[in-house]
Structures are given as C-alpha cells and as structure tokens.
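Let us walk through this structure step by step. Keep the model in view as you read.

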Amino acid sequence: MVSVKRIGKKSTVQREAYFLKYARDIKKVLKRTPLMVTGGFRSRKVMESALNDDGISMIGLGRPLCLTTDCVNDLLDGKVDTLRSPETQWKLPWYVSWLRYLVVGNLMKVGGDQASTYWNLYRSGDGLPMEENPNMLLNMIRTNYRDYQVAVALKGLPKDDPTLQQNKPKSNLPKVILAIVIAYFVYRTLK
C-alpha cells in the first residue's frame with residue numbers, strides 16, 4: 001500500500017495515482033499476473049511506492065510525455081523528482097482567461113488541454129519539437145482541421161470534389177466569438 005507518511009498528504013496521493021486503488025483490488029485476485037497502472041503519476045516517490053509497496057510491475061505515463069519526450073530519462077537519471085504536468089503548465093490565452101470563472105471557460109480549458117495534447121503528439125510524430133506553451137485555442141482549430149483532412153482522406157475523395165464542397169461544414173468561429181462576447185458581458189454584469 002502507498003505509504004502516506006513517505007509521500008505527503010493523502011489527497012496528493014489520491015489525486016496523483018488515481019487508478020492505484022483499483023490496481024490493488026485487481027492484484028488481490030490476479031496475484032501472479034504482472035500489472036501495469038497508468039493515470040496521473042507525476043512524482044518519483046509515488047511511482048517508487050507503487051512499484052515497491054503495491055507490487056505494481058510497470059507504470060505508464062502519457063501526458064507528461066506531451067511536454068517533454070525525454071522526461072522518463074530525466075526521472076530515471078535523477079535530474080527531476082516530479083514530472084511536469086500539462087494540466088498545470090498550459091493556460092488559456094490572456095484574451096479569454098477571464099472565462100475561467102464561467103463554466104464555458106472550464107470547458108475551453110479542458111478542450112484546449114486535449115487539443116494541445118493531440119497537437120504535440122502530431123508534432124512528435126512528424127519529428128517536430130513539442131510546444132512548451134501552446135496556444136490552446138489555435139490548437140483546437142488545428143486539430144479539428146487535421147481531423148477533417150484525415151476524414152476526407154479516409155473517404156477517398158479528392159479535395160476539389162464538388163460533393164465535398166457542398167457538404168463542407170461551415171465555420172463555427174463567428175458563433176464562438178459571439179458566445180465569448182456574450183459571456184463576457186454576462187460576467188461583467190454579474191460581477
């Protein structure tokens with residue numbers, strides 16, 4: 001079991017290794033089966049404790065790799081004790097940061113995190129460096145456009161096909177801008 005004394009506050013452990021409880025339950029039933037756990041691991045202490053105290057065979061990392069592809073080597077070499085997390089590193093652009101006080105802002109943050117994660121994975125796959133501080137809104141547009149291009153390619157239609165032009169989705173950008181302006185005025189009125 002993860003030792004809270006060795007690591008810190010119990011809430012930190014729960015927030016960091018959020019599937020570890022389920023892994024313990026599975027390990028009780030599948031005693032001889034190697035078990036891999038992923039989900040929120042960031043600090044060396046929690047990872048070591050899961051491997052040593054809980055009998056976990058392997059830890060999976062995902063989102064920290066979207067910031068630095070070499071972060072695992074840095075952790076193993078002792079250069080860092082905690083991996084950086086995109087959720088805390090990436091911020092909404094200043095011109096919409098005030099929306100974080102509204103539900104729409106939180107949704108934009110989640111969507112921006114996801115889009116920036118995808119964008120960095122695309123960049124890595126193309127042999128390009130990761131964006132340390134990506135523009136979340138731009139990445140939402142970029143990833144949607146890339147998904148659209150992939151869908152077109154999978155349909156096997158040439159990009160200049162007239163049927164594609166007729167069915168091309170209209171941009172939602174004017175609606176998004178209008179929603180942001182309305183949300184701003186609502187926010188200012190309620191403040």
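A residue counts as buried under 20% relative accessible area, as exposed over 50%, and as partly exposed in between. That scale places Tyr122: at 21% relative accessibility, Tyr122 is partly exposed. Trp119 has a relative accessible area of 16%, so Trp119 is buried.

The model is a predicted one. Its mean pLDDT over the chain is 78, and 79% of the residues reach 70 or more. Residues 1-8 fall below 50. Beyond near neighbours in sequence, that stretch makes 21 contacts in the model.

An α-helix has 3.6 residues a turn, so residues three or four places apart point the same way. Searching the whole structure turns up four aromatic pairs. Trp119 and Tyr122 form one that is edge-to-face, with 6.3 Å centre to centre and 90° between the planes. Elsewhere, ring pairs join Tyr18, Phe19 and Tyr22 into a cluster.

Now turn to helix α3, residues 20-29. Which of its residues are buried? They are Leu20, Ala23 and Lys27. These residues cover an arc of only 50° around the axis, so they lie on the same side of α3. On the other side of α3, Lys21, Lys28 and Val29 are exposed. The cover over the buried residues of α3 includes β1 (36-38) and α4 (44-53).

The largest nonpolar core has 14 residues. Leu20, Ala23, Phe41, Met47, Ala50 and Ile56 have the most contacts inside this core. Two or more residues come from each of α3, α4 and α5 (71-76). Helix α4 gives the most, with three residues. Apart from this core lies another, of 11 residues, among them Leu67, Leu92, Trp98 and Met136.

Phe41 is worth a look on its own. Set aside its neighbours within four places in sequence. What is Phe41 then in contact with? Its contacts are Glu16, Ala17, Val46, Met47, Ala50, Ile59, Leu61 and Pro64. Of these, Met47 and Ala50 are also listed with Phe41 among the core residues with the most contacts.

How values were computed. Residues numbered from 1 in each chain as written. Predicted model: local features only at pLDDT ≥ 70, side-chain atom pairs only at ≥ 80, totals over all residues. Heavy atoms only, no water. Buried < 20%, exposed > 50% of the residue type's maximum accessible area, 1.4 Å probe, protein only. Helix = DSSP H or I, 4+ residues; strand = E, 2+ residues; numbered from the N terminus. Arc of directions from axis to C-beta. Contact = heavy atoms within 4.5 Å. Phe/Tyr/Trp six-rings, centres within 6.5 Å; stacked < 30°, edge-to-face > 60°. pLDDT = per-residue confidence, 0-100. Core = buried A, V, L, I, M, F, W, Y, C linked by side-chain atoms within 4.5 Å.
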